[in-house]
Amino acid sequence: MSASISSRDLSTAPRVLVVDGSKVVRQLITRVLQAELPQAEVVGCGTGAEAHQLLDRGVFDFITVALRLPDMDGLELARYVRESAPQIYVPIVVVSGDVDDRLHRRALGEHVTDYFDKSLGFQALAEFIRGYVRPESVAEGVVLYVEDSRVVALATRRMLEKIGLTVRHVVSVEDALALLETERAQGAVGADLVLTDVSLKGELTGGDLLKFIRSDFGYGKGKLPVLVMTGDENPDNQAALIRAGANDLVEKPVEERLLITKLLFQLRVAQHLRTRESIT
């Protein structure tokens with residue numbers, strides 16, 4: 001994976017790829033995005049094959065895809081992005097009116113970042129995308145941060161606290177699990193997001209923490225997002241972290257704006273999902 005792409009910062013003109021077989025839907029999404037995000041470049045196409053060509057030629061900051069395309073399933077396109085396209089960790093959001101059934105059957109898979117229900121309206125979709133391509137400068141939320149380097153922890157904590165986030169820092173996976181267990185016993189999750197390094201000095205790694213959070217605690221990606229920092233550029237190892245339940249990865253050395261952008265996006269996605277769950 002190219003470092004220049006995996007570490008890509010957002011440009012002054014973020015690029016959004018809209019993939020939908022309906023020309024009317026593409027026009028609606030494009031019109032709203034151009035009104036709400038006038039600096040964004042919105043590129044639309046109607047088939048998976050067209051999307052393949054566009055993805056091979058350029059980098060996008062965000063992708064929306066319909067579940068059903070004329071030549072393939074939207075999830076096949078998401079899998080292509082994760083396995084073949086250069087920007088394999090770009091957020092991919094399914095925009096559809098029939099996502100809930102697949103979610104209930106756990107059929108969306110690990111390649112999709114999130115979903116958006118068309119019934120919420122395209123104006124809400126624009127606000128949803130804005131959270132990534134134009135992140136807030138001030139935020140609220142509790143981040144459980146797992147890092148055993150005092151120097152790295154201090155620098156990263158300052159980044160997060162500078163924008164208003166509350167940081168609960170621990171130095172090992174064992175400490176993080178103890179904190180989460182204590183909070184669960186009190187009927188709470190304990191954090192809005194987990195930020196963890198992969199390599200830690202204790203017996204357990206960041207990958208182990210992922211497994212505990214997703215399996216033992218049963219917290220899904222929406223209930224407790226996990227952002228993993230890694231210095232391992234091996235695509236197979238990075239993909240394994242995604243399959244294990246990481247919402248996203250940040251390569252080390254960490255670039256501040258990229259970290260904050262990814263973190264705020266995951267917080268926004270989780271808040272969106274919790275709001276939907278409280279309504280239903």
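Colleague: What percentage of the 280 residues in the protein is buried?

Modeller: This is a predicted model, in which local features need pLDDT of at least 70, side-chain atom pairs count only at pLDDT 80 or more, and totals for chains, interfaces and linings use all residues. Residues are numbered from 1 along each chain as its sequence is written, and side-chain values use heavy atoms, with hydrogens and water left out. Buried means under 20% relative accessible area, exposed over 50% and partly exposed in between, using a 1.4 Å probe and protein chains only. By that definition, the buried share of the 280 residues is 52%.

Colleague: In which strand is Asp197 found?

Modeller: Strands are DSSP runs of E with at least two residues, and helices are runs of H or I with at least four, each numbered from the N terminus. The protein has 11 helices and 10 strands. Asp197 belongs to the strand spanning residues 193-197, namely β8.

Colleague: Is Asp197 buried or exposed?

Modeller: An unreviewed UniProt entry lists Asp197 for "modified residue: 4-aspartylphosphate"; such annotations may be inferred rather than shown by experiment. The relative accessible area of Asp197 is 5%, so this residue is classed as buried.

Colleague: Which residues does Asp197 touch, not counting residues up to four places away in sequence?

Modeller: Contact means heavy atoms within 4.5 Å. With residues up to four places away in sequence left out, Asp197 touches Val146, Glu147, Gly206, Met229 and Lys252.
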